[in-house]
Amino acid sequence: MKYSSLIVLNIAFTLFGCAGSATRDVVDFNFDWHFYLGNVPDSEMMRDPEQYEWKEIRLPHDWSAESSFTKVNTGASTGFLPGGIGWYKKEFSLEGSDKGKVISIEFDGIYNNSRVWLNGTFLGERPYGYSSFDYDLTPHLNYGGKSNTLLVKVDRSNYLDSRWYTGSGIYRGVRLIKRSKTHIPKWGVFVTTPEITEEKASVKAAIEIISNRPATIELKGTILSGAGVAVASSSQEAFIDRSGIVHLDFSINDPELWGIDSPNLYTLELELVKDGDVIDGLSQSFGIRNVRFDADRGFFLNGENLKFKGVNLHHAAGAVGAAVPIDVWRRRFEKLKSIGCNAIRTAHNPVDPKFLDLCDEMGFLVINEFFDEWDIPKGKNLHKLGDNLAPKEVSRGYSERFDEWAERDLKDCMRRDRNHPSVILWSIGNEIEWTHPYYSEAYKAVNGEQEYYLFRPDFDSLKMKRALDEVTGGQDSLLSTAKKLVKWVREMDTTRPVTCGNVLPSVGLASGYAQTVDVLGFNYRAVEYDGAHKAYPDLLIYGSENWGAYSEWKACADRDFVAGIFCWTGFAYAGEAGPWPHKGLNISFFDFAGFKTPRGHFFETLWKDEPHVYIGTTPASESEFNYDPDTGFTVEYKKEWIRRWAWYDIYDKWQYEAGEDIIVQAYTNCEENELFLNGESLGKKKLSDFTEDNIIKWLVPYAPGTLRVVGYRAGQPVSEYELKTTSEIARIDLSVDKTSLQANQYDVLHVEARLRDKNGNLVTHDPALIRFEVDGDLRLLGIDNGSAYNVQDYKAYQCESHNGKVLLVLQSKNNTGQVKIMARVKDIVSEMVVDVI
């Protein structure tokens with residue numbers, strides 16, 4: 001694929017997950033496991049695993065999230081939760097009728113350094129904690145009801161091996177697959193649509209088939225619409241000499257395209273026939289859509305020019321750790337949709353395949369990123385982000401295995417994910433320049449000791465290249481590795497462009513690193529958009545990692561050639577914080593528990609057209625805003641370097657000392673906004689008068705009562721928000737995201753508890769311990785209050801409130817009936833009932 005100003009992609013896709021058939025058994029292997037946490041020599045475990053005290057568990061499982069927060073053998077980079085070495089054991093049996101089948105086990109992800117044995121035979125290892133992989137069990141199995149023992153060792157003794165919380169263990173799903181000896185292997189289907197019009201889409205499916213011996217087969221394919229109606233079919237006879245690719249061509253009339261507002265999906269049903277018998281089959285979803293990048297106009301989806309309103313997301317999710325059920329992601333994605341988000345960058349590693357299934361289903365555009373670091377590690381922090389680098393013996397990670405495993409991990413990720421309509425870009429890495437200091441040295445040689453994030457650098461590529469050659473002697477290992485990675489990507493898929501998160505674009509463009517990819521991501525470099533576009537007019541540009549600030553969105557919105565932004569971050573995440581007990585960064589649109597932050601309200605007013613207004617308050621003595629009657633409001637930001645990522649100090653409350661000066665901030669997309677205190681107007685203000693930061697501000701002497709803002713469009717009130725002075729806690733409001741659960745052992749219930757006074761006002765300023773009781777058969781997944789400083793145990797039924805709220809996460813088992821949930825604060829009790837059916 002040549003680097004160009006215009007890339008056109010016409011693609012259809014299959015989902016990773018597939019249903020079983022009469023000829024293929026897909027067995028849920030997530031249950032009846034046992035776990036032991038301890039460093040045991042491999043030979044000892046193989047000799048006698050029964051000598052250890054095993055704990056009964058189910059998968060997915062993250063032992064770090066089940067542990068207590070501690071300062072002992074933990075660190076700031078990974079959220080003050082421990083690692084260690086864990087062992088998993090599962091015993092199972094097979095019927096005699098299974099003999100003669102090809103039987104394999106599939107792991108969606110193990111963090112990390114996993115080693116697997118079956119019946120004492122070593123099957124293999126996988127160092128990278130984000131890869132999906134499988135093992136062929138067939139040669140080592142016992143049949144006829146005789147027991148088989150599966151052992152998995154997970155070595156995360158290097159507990160500071162990442163810059164953020166990773167989790168530990170078999171934290172994603174596991175399946176046992178039984179197939180015919182002639183079958184379609186794992187990730188063996190790739191579907192494209194080379195031609196799409198309003199009238200017709202041509203669909204081409206390449207299906208890999210393997211066989212234990214040469215065979216003549218027939219492959220049949222039928223495409224079903226979302227309504228289950230057959231819309232196309234095709235078949236092909238082929239001779240397979242051990243392995244081969246069979247191609248099926250289809251034509252769909254009046255195709256329903258996949259998009260962010262209408263994520264239409266089709267289903268491709270495949271049957272593999274041999275000697276008149278169906279011997280294998282798959283049923284997979286796919287979607288059809290058209291993607292285009294343009295150097296002057298940005299991004300197009302199905303012919304429509306739109307901006308990425310994106311967020312970066314890590315793979316863990318608050319109290320559940322890294323073992324995230326799909327219902328937890330669904331709740332989070334619904335919240336992102338509610339503020340207008342349409343895109344996700346998987347920061348900075350492959351995600352759970354079910355994560356991408358949900359993106360397909362709900363209509364999110366995805367940047368699928370492979371690595372955060374290559375062969376040179378990034379620094380990890382022991383006590384606090386920015387200092388106290390962790391000792392090497394506990395921070396050694398994947399970079400030491402990168403040269404050996406990177407190609408396989410990258411290509412496995414692509415084979416697994418290449419059929420998702422949501423995936424629009426492959427990213428080879430994030431901010432790799434920091435691990436090659438000569439990039440920074442060249443930047444400084446040309447630009448001097450300027451602040452990276454604020455300075456508009458010189459885009460004289462010849463001057464920069466000379467400076468780079470002076471410090472490297474013409475040997476750029478970063479560029480060499482980038483070329484190798486891009487080559488691997490294009491060996492697998494030429495239908496999508498390649499990208500990277502580039503933190504020094506002016507150097508990368510001079511070195512050639514930026515030109516190895518098709519679309520260049522700018523990390524925190526909005527100040528470089530104009531210079532890069534002028535110097536490289538064919539460059540395809542977007543913000544791959546951005547501060548969640550108005551200036552970042554404005555820099556994109558005002559420039560057609562910038563395809564969009566991806567804010568850091570959508571949800572708060574553990575790690576990259578400190579000192580204790582600061583476990584993570586809440587610099588997000590939603591906190592650890594998924595409650596919307598003021599920043600989330602602000603971006604909702606930017607990203608959605610529906611009227612929305614919000615107010616928050618800060619004592620003038622604490623606020624970064626200053627007020628002068630003659631000059632109005634000015635701002636003086638805090639000096640800490642982390643402030644660029646943080647939001648203003650602002651509170652959801654109206655509870656201060658009488659007469660205290662309070663700065664009131666209003667976030668709004670309404671033309672005019674009027675503030676009232678106890679029914680008395682404090683004046684209307686126009687949003688257009690606050691163009692610098694898009695925040696309307698008032699200085700208000702505190703008086704108890706009701707503070708209310710009303711937003712107007714065309715002179716009519718269209719939205720309002722209010723804060724009230726509260727009295728003591730008088731009741732607990734319980735709410736759930738569903739009133740009934742399936743007894744399928746997977747459905748998740750989110751229980752939100754809010755503390756209110758006698759008038760029903762949320763009491764945000766008075767933390768209280770909330771104790772829960774659950775009478776019924778539900779499994780505890782976690783509890784949290786959303787605070788970055790909450791180091792209470794996640795696996796508990798009690799938690800102190802933060803901003804008046806606590807989240808309890810429960811999961812169904814396999815028993816039906818009613819479940820009563822009760823919450824208690826001292827002598828105040830609230831309860832509700834949900835059904836498990």
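**Loops, cis bonds and overall build**

Q: Where is the place of Asn803?
A: In this predicted model, Asn803 sits in the loop between strand S48 (798-800) and strand S49 (805-812).

Q: Which class does Asn803 count as, and why?
A: Partly exposed, because its relative accessibility is 33%. That class lies between the 20% and 50% cut-offs.

Q: And Asn113, where is that found?
A: In the loop between strand S6 (102-107) and strand S7 (114-118). Asn113 is not a glycine either, yet has a positive phi of about 50 degrees. At 30% relative accessibility, Asn113 counts as partly exposed.

Q: Switching topic. Which residue does a cis peptide bond join to Ala347?
A: His348, with omega at about -10 degrees. His348 lies in the loop that runs between strand S23 (343-346) and helix H4 (353-362).

Q: What is omega for the bond from Gly578 to Pro579?
A: Near -5 degrees, and that peptide bond is cis. Pro579 is in the loop between strand S32 (573-574) and strand S33 (584-585).

Q: Zooming out, how many helices and strands are there in the protein?
A: 14 helices and 51 strands. The radius of gyration is 28 Å, close to the 28 Å from the globule rule for 837 residues, so the protein is as compact as a globular protein of that length.

Q: How many of the residues count as buried?
A: 59% of the 837.

Q: What about charged side chains, how many positive and negative?
A: 94 positive and 120 negative. The centres of the two sets are 2 Å apart.

Key: Residues numbered from 1 in each chain as written. Predicted model: local features only at pLDDT ≥ 70, side-chain atom pairs only at ≥ 80, totals over all residues. Heavy atoms only, no water. Helix = DSSP H or I, 4+ residues; strand = E, 2+ residues; numbered from the N terminus. Rg over C-alpha atoms; globule rule 2.2 N^0.38 Å. Buried < 20%, exposed > 50% of the residue type's maximum accessible area, 1.4 Å probe, protein only. Lys, Arg positive; Asp, Glu negative; His and termini not counted. Charge placed at Lys NZ, Arg CZ, Asp CG, Glu CD.
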